[in-house]
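Biologist: I would like to learn how to read the features of a model, one at a time. Please start with the surface and then go on to the rings.

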Amino acid sequence: MATYDDVARIAAGLAEVGEGERRGGRAWAVAGQDFAWERPFTKADVKRFRAADPPVEAPAGPILAIACADLAEKDAVLAQGVPGVFDTQHFRGYPAYLVALERVSDEDLRTALQDGWAAKAPDRLLP
């Protein structure tokens, strides 16, 4: 199971990443742009999961949001069906997706963070 400390370790290996705070949780940014942040579920989020047809249980454990370049990239990421990677009603129409750290593999987490970083990094940092 991955943790926020694992996220911090992976993010620290990317160019010009800083760790800060976003709405009371940890966030990772490049060039002042957050590309990953803690995103615990709100009561409204849990209620939406239960109200789904059929009802589903909200993923347990720590949740991470990761930015995308645009909605097309988000759709492509979600279409891959990577375990632990998902969307919620709240995030629909927003270029970011969610990752259940208890379900994602280390390799998939690393790839997601690298892609999120690339979506926000200035051109001078991109390979």
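**Surface, fold and rings**

Modeller: The accessible surface of the protein is about 7100 Å², and 49% of that belongs to carbon and sulfur atoms (Shrake-Rupley method, 1.4 Å probe; for residues, only the protein chains shown count as cover). This is a predicted model, in which local features need pLDDT of at least 70 and side-chain atom pairs count only at pLDDT 80 or more, while totals for chains, interfaces and linings use all residues. Residues are numbered from 1 along each chain as its sequence is written, and side-chain values use heavy atoms, with hydrogens and water left out.

Biologist: How many helices and strands are there in the protein?

Modeller: Helices (H or I, at least four residues) and strands (E, at least two) are DSSP runs, numbered from the N terminus. The protein has 4 helices and 6 strands, in the order α-β-β-β-α-β-α-β-β-α along the sequence.

Biologist: How is a pair of aromatic rings described?

Modeller: By the distance of the centres and the angle of the planes. Rings of Phe, Tyr and Trp (its six-membered ring) pair if their centres lie within 6.5 Å; planes under 30 degrees apart are stacked, over 60 edge-to-face, and the rest tilted. The structure holds 3 such pairs. In one of them, Phe41 and Phe49 have ring centres 5.3 Å apart and planes at 65°, so this pair is edge-to-face. Phe91 and Tyr94 also pair edge-to-face, at 5.8 Å centre to centre and 85° between the planes. Phe41, Phe49 and Phe86 form one aromatic cluster.

Biologist: Where does Asp87 lie?

Modeller: Asp87 is in the loop between strand E5 (85-86) and strand E6 (96-100), and is buried at 19% relative accessibility.

Biologist: With which side chain does the side chain of Asp87 make a polar contact?

Modeller: A polar contact is a pair of N or O atoms within 3.5 Å; within protein, one must be able to donate a hydrogen and the other to accept it, and residues adjacent in sequence count only if both atoms are side-chain atoms. The side chain of Asp87 makes one with that of Lys74, at 3.1 Å.

How values were computed. Buried < 20%, exposed > 50% of the residue type's maximum accessible area, 1.4 Å probe, protein only.
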